Amino acid sequence: MVTPFRQFIVKLHSRCDLACNHCYVYEHADQSWRSRPKVISAQTAGRVAARIAEHVRQHGVDRIDVVLHGGEPLLAGHERLDEVARELRDALDPECQLDLHIQTNGILLDERYCDLFAEHGIQVGVSLDGDRAANDRHRRYASGRSSYDQVIRAVELLRKRPDIYAGLLCTIDVANEPITVYEALRELEPPRTDFLLPYATWDSPPERWSTTAYADWLLAVFERWNADGRPMSVRLFESIIRTARGEASLSEAVGLEPSTMIVIDTDGSYELVDSLKVAYDGAPATGYDVFRHALDEVAAHPGVLARQGGLESLSATCRACPIVASCGGGLYTHRFRAGSFDNPSVYCADLFKLISHVRDKTELPAHKIPYATLDSLATGFGGAADIERLADAQLSLRRALIAALRPHAADGVWELLTRLDRHHREALEAVLAHPYVRVWAVACLGGEGEATYLANIAAAALIRAGQDVTLQVAVEGGAVHLPTVGTLKGADGGTVTLVAEAGDIRIEGTGPGHGAPEWLPVRTVGCGDFSLVLEDADPHRDCHQWPPADRLDESALSAWQRSFEAAWCLIEKEYPQYAQGLRGGLTTLTPLASAPAGRDVSSTARHAFGAVAAALPGDPATLALLLIHEYQHVKLGAVLDLFDLFGKDDTRLYHAPWRTDPRPLEGLFQGTYAHIGVTDFWRTRRNVVRGAAQVKAQEEFARWCGHTLAATGTLADSRALTPLGERFVARMRQTVAAWQAGEEAPWS
Ligand code: SF4
């Protein structure tokens, strides 16, 4: 399975009207430009468009970037540029969104080009190294004449055309004064700027007077950019900030994302990333071209795959580096030394200093968790502290959801919640942490729930804090529900005035008897010092795969209590590695309606972190298994709330060994993670029971171990995982592989 290309650098012209001495096309090892046609032909452009269209159709890619490049692309002339853009749009619109860009030195830019770009929706980036002195240090004509005035004229033209002005690209020279360069660029009001480290390898290192000269230069700019309130987008800095937050990089220069870029030259030959030209003569060549080869063939080329290997493909030094998730070993080309790319970047010291500094200054959103926690959860387990971090992240998420509902809050309710947050935060957070509060909030934001329920949340928090309440609250299904507190059953209308005084909770104007609503407090099941809410009243609990049970009578409640007590004793004794995680985040057990005869049913809901739902199984050991199994789903769901472990645009279906129907990737991921718990349950059970039960436990262990290991292989081979996802799945796999080999998991 190949990773489809999403970015195409299409060369329109192989020569340039400038002779910049830092240019990777003409001034470095690879001299292949000498043998290329100067201008892309109409026939080649047609094949390029057809190949790209064929590729995106085959892979269901719905958005791509095409960058028209060179040499200097404007040398191709207005007509050819028009033809190329038209070919691309005709081949791709409307099935695939085509984001067209052009990167130019600006020398030939004129009104006619601008009109052409506007007509075809082409975004224009101009290469400019700063003020006149900085720019003239490298960006000159072959005669030595300055190009500065022409470039500025081009940028001024673009400033009058904001619809096509994309930004500026600056190659760093540490001999230039960083703030002068920054200010010169800023003055031109580019929507986006990028700073490029000069192309270099270990064999041909950059000029520098200290090991971190480039980091120091960039940090001066970074600090000024921050102090100025980040007036323009700076791709390198934003990529570091994004990767520090666990998001995808915007640039190949940093990050662990697989490269999805391919270059197509003026003769239609496919080339690897252009910057490889600095490594050795012929380095970017693939031997493939648009006339004879489909892009899928190119996607399987070792040179392409080498830039898609994520963490595993990096040098040992990089793999052990604490900032590797942000750095990713830097630009592939910069790693080249003596015929090999298995090295850190030649800019390693610069990258380490720059990224460490920017990361330290990056404010992580409150609901992010450290990588160490992610690694711990990826083993299939996760200690109490890890689960508490997930729970904290969930709380942060719920606060964000509640905040989004603020415009819908009834008069005074938002102010009341704010006061509760200030003076009775623990009580408010206990209510917000109730699993079905998020289910309601998500439905409400989707236009399906009642925002008046915000008042019920406030009322529940007030009651928990021991405060008196007189508040207009929502009635749902003939009852007033107060999450984590209880339910007043038998209420009429859309809203009623709730009164709570000294433990007496009623609807205003009603009294004991005379059909007054019945107060049904929340009940719990427990064992020793651990207890769970037994949620059998909240209307938002009806979000599981199976329908919930109605309010339990006393005998059913006792049966749940007995079964839970025995199940929890078993978990604490035999499965302590899960007990600590369950204690950290499981708060609620939701009884489901009885299943068809002989069937154990259980479920979790993605938005109900902290809840496991089940029909009462026949024996406590099965309840223990259901709790362990379902809680794995709870954990992974919370991880997926925070991190992209796989590409969301992967629509393929995968075989899950335990099902007859193929599953989407998330379903396979969830099932695999959950079955680590199931496998471990039976692995331990083999040593606890005897006789026929032991034989069954052994069989179940062998079955689930095989299934789960196979599924981790399917996930790993899907090529749909993000670098974080690859790392996560690799750890899952290590756990199960050790069990299959009869060993303990490496982290036990
Ligand atoms: S800072 Fe150096 S060692 Fe660390 S990932 Fe980047 S290149 Fe590799």
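These notebook entries follow what I looked up in one predicted model.

**Ground rules**

I number residues from 1 along each chain as its sequence is written, and my side-chain values use heavy atoms, with hydrogens and water left out. Since I am reading a prediction, I take local features at pLDDT of at least 70 and side-chain atom pairs at pLDDT 80 or more, while totals for chains, interfaces and linings use all residues.

**Confidence**

I looked up pLDDT, the predictor's confidence in each residue on a scale from 0 to 100. The protein averages 91, and 95% of the residues score at least 70. Confidence is lowest in helix H14 (residues 371-378), with a mean of 84, and highest in strand S19 (residues 588-591), at 98. My helices (H or I, at least four residues) and strands (E, at least two) are DSSP runs, numbered from the N terminus.

**The ligand**

Which residues surround the ligand? I listed Cys318, Cys321, Ile323, Val324, Cys327, Gly329, Pro344, Ser345, Cys348 and Phe352, where a residue is near a molecule if one of its heavy atoms lies within 4 Å of it. Helix H12 (324-327) and helix H13 (348-361) are the elements that give two or more residues to this shell. I sorted the shell into 8 nonpolar, 2 polar and no charged residues, taking Ala, Val, Leu, Ile, Met, Phe, Trp, Tyr, Cys and Pro as nonpolar, Asp, Glu, Lys and Arg as charged, and the others, Gly among them, as polar.

Helix H13 also holds Lys353, which is partly exposed at a relative accessible area of 36%; here buried means under 20%, exposed over 50%, and partly exposed in between, with a 1.4 Å probe and protein chains only. I noted that Lys353 and Asp216 are 137 residues apart in sequence but 8.2 Å apart in space, C-alpha to C-alpha.

**The open sheet**

I traced an open sheet of 10 strands in the order S7-S6-S5-S4-S3-S2-S1-S8-S9-S10, with mixed pairing. Strand S7 (233-234) and strand S10 (285-289) stand at the edges with a single partner strand each, so one side of each has no neighbour in the sheet. Two strands count as paired if DSSP finds at least two bridges between them. S6 and S7 pair in the parallel sense over 2 bridges, and Thr193 has Val234 in S7 as its bridge partner. S2 and S3 are also parallel, over 6 bridges, with Leu68 bridged to Ile102 in S3. I found S3 mostly covered, 6 of its 8 residues being buried.

**Backbone geometry**

As background, most residues other than glycine have a negative phi, and most peptide bonds are trans. I found a cis bond from Gly70 to Gly71, with omega near 20°; Gly71 lies in the loop between strand S2 (63-69) and helix H2 (78-92). Another cis bond joins Asp93 and Pro94, with omega about -5°, and Pro94 is in the loop between H2 and strand S3 (97-104).

Glu189, although not a glycine, has a positive phi of about 50°. Is Glu189 buried or exposed? Glu189 counts as exposed, at 55% relative accessibility, and lies in the loop between helix H6 (178-187) and strand S6 (192-196). Arg719, again not a glycine, has a positive phi of about 55°; Arg719 counts as partly exposed at 35%, in the loop between H24 and helix H25 (723-740).

**Cavities and a pocket**

On a 1 Å grid over the protein atoms alone, a cavity is a set of points where a 1.4 Å probe fits but cannot get out, whereas a pocket is an open set with protein on both sides within 12 Å along at least five of seven lines; lining residues have an atom within 4 Å of a point. Grid points are joined across faces, edges and corners, and a volume is the space filled by probe spheres set on the points.

I counted 4 cavities of 30 Å³ or more. The largest cavity has a volume of about 90 Å³, and of its 17 lining residues the closest to its centre are Gly486, Thr487, Val522, Glu535 and Ala537.

The second largest pocket holds about 1,400 Å³ of space. Of its 48 lining residues, Ser602, His629, Glu630, His633 and His675 lie nearest its centre, and the lining divides into 21 nonpolar, 13 polar and 14 charged.
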